[in-house]
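Hello,

Please keep the model open beside the text while you read.

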Amino acid sequence: MLHAIVNLFYAFAEAVAISLVTPAGVQGLKANNVSIPNGQAEGKLEIVAAANATPGDHNVVVRAKGKFNNVDVQSVTNVVVKVEEVKK
């Protein structure tokens, strides 16, 4: 679970969409897009690894998109997600 916090500066109070972008060649990692409602500052992005997830440390991108004064804005940050192989 990844907590996404939006700093509400300059009277910003619009909804923000949070999404996960995995690197090419990495399989089995996903997260449903999350919408942080108007006036809220926090959301939770649940990252799920399937049974076929590529093991290793993966540098994923968390992207936040919204509008400020009717202009599209976005912010991106890199997060390392570690996937460990489950031995059977």
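Predicted model: local features only at pLDDT ≥ 70, side-chain atom pairs only at ≥ 80, totals over all residues.

The whole protein

The protein contains eight strands and zero helices, so the pattern read along the sequence is simply β-β-β-β-β-β-β-β. Its C-alpha atoms fill a box of roughly 50 × 20 × 15 Å when the box is taken along the principal axes. Of the 88 residues, 25% are buried, and the accessible surface comes to about 6300 Å², with 50% of that surface belonging to carbon and sulfur atoms. If you consider contacts between residues at least 6 apart in sequence, 54% of them join residues that are at least 24 apart. As for charge, there are 8 positive and 7 negative side chains, and the centres of these two sets lie 5 Å apart.

The four-stranded sheet

Four of the strands form an open sheet, in which the order is E4-E2-E7-E8 and the pairing is antiparallel. Strand E4 (34-36) and strand E8 (71-83) stand at the edges and have a single partner strand each, which means that one side of each is left without a neighbour in the sheet. From one strand to the next, the twist averages 25°.

The turn between E7 and E8

Which residue takes a positive phi in the hairpin of E7 and E8? The hairpin has two residues between the strands, and Asn-69 takes a positive phi near 55° there. Asn-70 likewise lies in the loop between E7 and E8, and its phi, near 65°, is a positive value in a residue other than glycine. This deserves a second look, because most residues other than glycine have a negative phi. Asn-69 counts as exposed because its relative accessibility is 64% and the cut-off for exposed is over 50%, and Asn-70, with a relative accessible area of 70%, is exposed as well.

Is Ser-19 buried or exposed? Ser-19 lies in strand E2 (residues 16-21), and its relative accessible area is 17%, which makes it buried because the cut-off for that class is under 20%. Leaving aside the neighbours within four places in sequence, Ser-19 is in contact with Asn-33, Val-61, Val-62 and Arg-63.

Ser-35, by contrast, is found in strand E4 and counts as exposed, with a relative accessibility of 54%. When residues up to four places away in sequence are not counted, Ser-35 touches Ala-15 and Val-16. The C-alpha atoms of Ser-35 and Lys-65 are separated by 9.5 Å, although the two residues are 30 residues apart along the chain.

Thr-22 lies in the loop between E2 and strand E3 (29-30), and at 28% relative accessibility it counts as partly exposed. Apart from neighbours within four places in sequence, Thr-22 is in contact with Leu-29 and Val-60. Between the C-alpha atoms of Thr-22 and Asn-59 the separation is 7.5 Å, while along the chain these residues are 37 residues apart.

Strands E1 and E5

Another pairing to find in the model is that of strand E1 (residues 2-5) with E5, which run antiparallel and are joined by four bridges. One of the bridge pairs is His-3 with its partner in E5, Lys-44.

How values were computed. Residues numbered from 1 in each chain as written. Heavy atoms only, no water. Pairing = 2+ DSSP bridges. Axes fitted to C-alpha atoms, helices over the stretch in contact; angles between N-to-C directions. Buried < 20%, exposed > 50% of the residue type's maximum accessible area, 1.4 Å probe, protein only. Contact = heavy atoms within 4.5 Å. Areas by Shrake-Rupley, 256 points an atom, 1.4 Å probe, with all protein chains shown as cover. Lys, Arg positive; Asp, Glu negative; His and termini not counted. Charge placed at Lys NZ, Arg CZ, Asp CG, Glu CD.
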